[in-house]
Amino acid sequence: MKIDRRCFLSFGLGVTAGTLFSPLPWKLMDDASIWTQNWSWTPVPEPGEVSEVNTVCTLCPGGCGIRVRKVGKRAVKIEGLSDYPVNHGSICPRGFSGLQYLYGPTRIKSPMKRVGPRGSGKFKKISWDEALATVKDKLQDLRTKDMPHTLACIAGSDRGTVSYLIDRFLTAYGSPNYIRDASSRDADELALYLTQGQDGSMGFDFENTNFILSFGAGLMEGWGAPGRMLNLVGSNVDKTVVQIEPRLSDSAARADKWLAARPGTEGTLALGMGHVIVREGLYNRDFIDNFSFGFEDWSDEAGNTRQGYKALVLNHYAPSHVADITGISAVEIESVARAFAGAAKAVAISGRGQGRASDGVDECLAVLCLNALKGNINRPGGIRAVAEPDYLTWPEMNVDLTASKGRQQPRIDGAGTGAYPNTRYLINRLPAAINSAKGDSPVQALFVTDANPLYTMNDPEAAKKAFSRIPFIVNFSSVMDETAMYSDILLPDHFFLEKTRDVPSPPGVPVPVIGLAKPAVEPLYDTRHLGDTIITLAKSFGGFVETAFPWEDYGTFLEQTLADVWSDLDENGFWIDEKAAPKPWLEAFNTGSRKYEFYPAALANSDGHGYHPKVLEGAASLPGGEKDYPLVLIPYDSIRLSCGILAPSPFMMKIIDDTVLVKNNGLVEINPETAARFGLSEGSGVVLKTPAGRARVRVHLFSGIMPGVVALPHGLGHRAPDKYTNGKGININALINDVSDPVSGMNMAWGIRATLEKV
Amino acid sequence: MTENNQHKKVRRYGMVIDLDKCTGCGACMVACYSENNVPFRTDETKKLDSLNWLRVFKVSNNKSFPDVDICHIPMPCMQCDGMHGHGHAPCVSVCPAVATDYDHETGIVSQIYTRCFGCRYCMAACPYHARTFNWWDPVWPADMKKSLNPSVSVRMRGVVEKCSFCFHRYQQAKEKAFVEERMQVEETEYQTACAEACPVKAITFGDLNNPDHKVHSLKKDKNAFRLLESLHTNPKVYYLTKRDWVRRQCDNIDSHTDIKE
Amino acid sequence: MSTQAEPQAAIPADTVSGSGPVSDGTGNITGGNTGPGASSGWMVLLFFIIGLAGSLLVGWIAFPHLLYEKKEQPVRFSHVIHMDQVDDGCNSCHYFRDDGTFAGVPDLASCEDCHSDEAMGEDPAEQLFIDDYLSKEKEIPWLIYSRQPPCVFFSHAAHVKGADMSCESCHGDYANSKTLKTYEQNRISGYSRDIWGYSISGLGSGAPDGPRPMKMNDCAACHLKETGSKGACFQCHK
């Protein structure tokens, strides 16, 4: 008996054979292959019961109805809500990517206190009690010093219950400085007030019109309620759309006709079309003869003869002349004017892109006059003033002496007084007002809600300088943005989909539709409803400030304030103000003449005929000389980019073309002809210089942009801790200077002179 | 192999996209990402590496200002029937792992991520760039994992993925039908996320074989065509346009020589 | 390949003559050790059998034991007791939702439809359930025996409603169980043992009233038999 090598070999063979005839290798192989299919770091979403919550999107003022699909407690998808009166089921890409904002990395998860220098983004987590006490102490201190008017609030909106609460707080506290962020609404509202004597926003009945003449409004670029505008395209109703702008935008590409007028000459073009309509007698005689004022020449109280609209357009805006200014041929001007006048129902609209910025009041008035010539005011398929429904009922409030004295102080931004008696808010004048003040800043404390001025304002450096002079900045933003980075105390509001609030009627919608946003998920973090924060803060002051806020919390307040409409709102998710049917012409106008005023009497003191030809002729009014800056830079809006206060979501960054952004480089659109003149080709690196600043960009050749004009998109170049957008592309707002509208004082900059230098 | 599955043609799901309606807003893409757990990265500007199940391409008539025109072309997976409609889609024919097959019940070309080993033959074979490769592990930062849809598998690094015509929605619609003791899935019950999302209703989805479905008549429209028809891939995605230059750019060589099925 | 085949071919020669050629592992054939001190053919055979038997034992008995991690369910649950209390059999708790999806294992909210803070029976397990989960509003982390991997779309509706199959035809007879069996989890794949089936060979259809194996091949086999086709990938994958 000997155990030798052969035995071991044999043993090995036996093991091999046995193993092969056992399940071990086969099962292991199978399990190992399954193991490779399920990496632990690849997430597996938990299944669960599917439910839906109907609510309203508040990512922009558009207020589209949405359905939030939930699996268990998680929200997994946002879709359009088909029985919602604004958007009828259509929503924009930003809406579809809404959950990325909700669950995204930029959320502010608790109250914070700044610990590093402003803008460094260094914050310390603090408790709500501590945060509110800090704010209260600071504000109380200002009141003790009789300086309540040095508190200002920059707010994204002035409508809806939350805005009213803040305004009420300012009133009770003693500050007149509620400042709404800029938008095209500013010019529209002013134009409505001047011509019709109405307070309200401009409503466009696109649903029932046959002809849309857009002087630059980006109807497909996210204008108004984006879901509504897109839904209209899909509604199969035949409409002729004429789009006027110097760039082949998505709106221009989808329009039946694209008129590439030189940038800034839109108002002149409108007056030129007015000329054709007047000359050929194509206007609505009933309206013009009986319900308008200032069409014919007229005499003012002093007995001076003033030129009416008719003489103005006939004498100064002949198509041949307008053709020289706008670059659109006289034949084209005449044919479009005739088509507009001849359409059964037609509407003209001014504005640029999404309407984030205001257009000039002159331009707005010039376009509004086309609507008046058409006689479409308060008619189906036309325009109307949409007053905010008085659905809110407020208990009376008393203010103390401090507050009353504070309220009587002039507004810091100068709106409503002096040179700009008709303007309500002038956020663009705030930085200069602060920067030019001697001694202490006239703003000692600032609230920022639903606004991101350090990104959205032209010349953000001036705004930053102004902010640095404000000793105390409180920001209620739910996400960490440029302005939050510059703030001292962060009191994060519940975000989109986490809270109940009323959604004011969306811009452009012709009927007041109040929506009710309902929470789809429980608040994710230690945030508080802005309404609750304001109520708590007010109560902590005691006295009249406290008694102005008799509600326990925002929920009770909302139900009581909405009173009659609450049950409708709660049940349907929206409420339409049936009383707001447009009035007949006889009762529609609240002006001095009780008529539609072609020549706004409110402007009678300004020189000339009410229009500023220089403003309407565009390029002449742009800052910078033609010699040093031979090009014109215009911003453009894209529905694929969110251009407002929020940065684009990761999904939106994913859908923007590589002709807009490559890696971190923004691309400037330039006509191949212009590029050849500057010796540039696709992808060339250039420095884009404007009187306001400079930026490194790359060149994208696009024959859809007018020669001599270059374009950059709004919505890029964010500087906030979000790795999906931070430092990507250029913030075009920083390359453009403010241009003050002579009528309103509002910023009406739509572009700037520019040049390109090869690098 | 896979052809054995029910060779009787019951349904052929397809799409008709009206290019004259499309505004290029991109809502279809985002709705698709959100529905199908498509991941995203910090830099998505290198489009060849960007994961997409549906991509909206932009073409131009190449004329100079101001005669230039642009057209947006949404391109999901074309769900090719292959020559004679036998299901020999270009990708199916080359897959060495049977990770992609043709479902004869619906006409949908599948992609099974757990089966795919990432050789990317299918990507080379697909003439429509419908397929993309996961070069990186997907990452959902912060709480973004909470928004993942459990009806669609999350893909791991190293596999190919593509549009499934939201097949999970068909599965769900069938489940509902079973519970309600119906055999038929209605047109409205099974719609892809992009078709449902399209805010201008440019995308119509349904059973090309079913005369009651809108796509059945739309595909016969005189303005209807398919991409690269000369390749005889026999796609189930049709396009509509009145603009000749768009059709020419889509290589519409023999749009009217229908391949007999 | 030939080098692998060689030693096997060598076995009979070796055992008979004790001097067959043996592979040296490099593919060269060397002469066997035929010296007088060499082990006998029986000895070699014995070692072969020891190796064979040992590996078979390991493969068939020890391996399955080691492969599966045994876990007990968080609550000792008796289907028998519950079946007595409900009206609609399995459907009472394991129901179809209106959208056609299957609720599967009930969540705490479903339990709360009947259970409250007061125990209904004498069983200490119920008190444990109330104390540890119900009163704390905490979901019970049930271990699901038949959970399919995330890439699988399994339609209960298609099988139960469409094909009129009973619950027990796949899951086995749970209705008459007084306790829940030990959950066995594969240490490598993480799957429940029920998926592969209790037969470690993967052959056969399991115990008559036990659960059926639920791997893809099992699905395909049944589909081929019942419907004439294995089905396309997307029929069951997502």
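Leaving out neighbours within four places in sequence, Leu213(A) is in contact with Val242(A), Ile244(A), Met273(A), Val336(A), Phe340(A), Val347(A), Ala348(A), Ile349(A) and Leu370(A), where contact means heavy atoms within 4.5 Å. The model is predicted, so local features need pLDDT of at least 70 and side-chain atom pairs count only at pLDDT 80 or more, while totals for chains, interfaces and linings use all residues. Residues are numbered from 1 along each chain as its sequence is written, chains are lettered from A in the order in which they are written, and side-chain values use heavy atoms, without hydrogens and water.

Leu213(A) is among the residues with the most contacts inside the largest nonpolar core, which has 191 residues; the others named are Phe206(A), Phe215(A), Met273(A), Leu370(A), Leu373(A) and Tyr239(B). A nonpolar core is a set of buried Ala, Val, Leu, Ile, Met, Phe, Trp, Tyr and Cys residues joined through side-chain atoms within 4.5 Å; buried means under 20% relative accessible area, with a 1.4 Å probe and protein chains only. Helix α15 (residues 361–374) of chain A gives the largest share of this core, 10 residues. Another core, of 48 residues, lies apart from it and includes Leu139(A), Leu530(A), Ile535(A) and Phe541(A).

Helices (H or I, at least four residues) and strands (E, at least two) are DSSP runs, numbered from the N terminus. Because 14 of the 14 residues of α15(A) are buried, this helix is largely enclosed by the rest of the structure. From first C-alpha to last, α15(A) reaches 20 Å, close to the 20 Å expected at 1.5 Å a residue, the expected span being 1.5 Å times one less than the number of residues.

Strand β1 (residues 50–56) of chain A runs antiparallel to β2(A) and is joined to β2(A) by seven bridges; two strands pair if DSSP finds at least two bridges between them. Six bridges link β2(A) to strand β3 (residues 74–80) of chain A, again in the antiparallel sense. Lys70(A) stands opposite Ser51(A) and opposite Ala75(A) in β3(A). The hairpin of β2(A) and β3(A) has two residues between the strands, and Gly72(A) in the turn has a positive phi of about 60°.

Methods
Buried < 20%, exposed > 50% of the residue type's maximum accessible area, 1.4 Å probe, protein only.
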